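Here is a short report on surface patches and selected residues. Look over the sequence and the model, then read on.

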Amino acid sequence: MWRTWRSLKFLVKGPFILLFLVIVNAVTSPGHWWVQWAALGIGIAWVISLIRVLRAVILLGGLAALIAYFQKRNR
């Protein structure tokens, strides 16, 4: 559960971190874009976090549907 929560937080934080790095790169060395390598790493981590969060959402949605089905069936 904590892993999914951290992944959800990273989905929000990741783009801001990348934006900060782009600004630092533009200020420090405008001719050399080293930020592309950081963007690659952050992008891979962001996709993995997205998959974790989507997996949890699908699991919770399926569980909620199953509970609703059994409640409707017992009425």
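Helices here are DSSP runs (H or I, at least four residues), numbered from the N terminus. The model is predicted: local features need pLDDT of at least 70, side-chain atom pairs count only at pLDDT 80 or more, and totals for chains, interfaces and linings use all residues. Residues are numbered from 1 along each chain as its sequence is written, and side-chain values use heavy atoms, with hydrogens and water left out.

**Positive patch**

Arg3, Arg6, Lys9, Lys13 and Arg55 form a positive surface patch. Patch residues have over 30% relative accessible area and no salt bridge; like charges are joined within 9 Å, and nonpolar side chains (Val, Leu, Ile, Met, Phe, Trp, Tyr) within 5 Å. A salt bridge is a side-chain nitrogen of Lys or Arg within 4 Å of a carboxyl oxygen of Asp or Glu. Lys and Arg count as positive; His and the chain ends are not counted. Helix 1 (residues 2-28) gives the largest share of this patch, four residues. Lysine 9 sits in helix 1. Arginine 55 belongs to helix 2.

**Nonpolar patch**

Leu60, Leu63, Leu66, Ile67, Tyr69 and Phe70 make up a nonpolar surface patch, with about 600 Å² of accessible area together. Areas come from the Shrake-Rupley method with a 1.4 Å probe; for residues, only the protein chains shown count as cover. Phenylalanine 70 is part of helix 2, which covers residues 35-74.

**Accessibility of selected residues**

Buried means under 20% relative accessible area, exposed over 50%, and partly exposed in between (1.4 Å probe, protein chains only).

| Residue | Relative accessible area | Class |
|---|---|---|
| Lysine 9 | 37% | partly exposed |
| Phenylalanine 20 | 54% | exposed |
| Asparagine 25 | 0% | buried |
| Arginine 55 | 56% | exposed |
| Phenylalanine 70 | 39% | partly exposed |

**A buried asparagine**

What lies 3.0 Å from a polar atom of the asparagine 25 side chain? The backbone nitrogen of valine 35 does. A polar contact is a pair of N or O atoms within 3.5 Å; within protein, one must be able to donate a hydrogen and the other to accept it, and residues adjacent in sequence count only if both atoms are side-chain atoms. Asparagine 25 is in helix 1.

**Distances**

Phenylalanine 20 is also in helix 1. Phenylalanine 20 and arginine 52 are 32 residues apart in sequence, and their C-alpha atoms are 25 Å apart. Lysine 9 and glutamine 71 are 62 residues apart along the chain, with 33 Å between their C-alpha atoms.

Note on methods:
Helix = DSSP H or I, 4+ residues; strand = E, 2+ residues; numbered from the N terminus. Charge placed at Lys NZ, Arg CZ, Asp CG, Glu CD.
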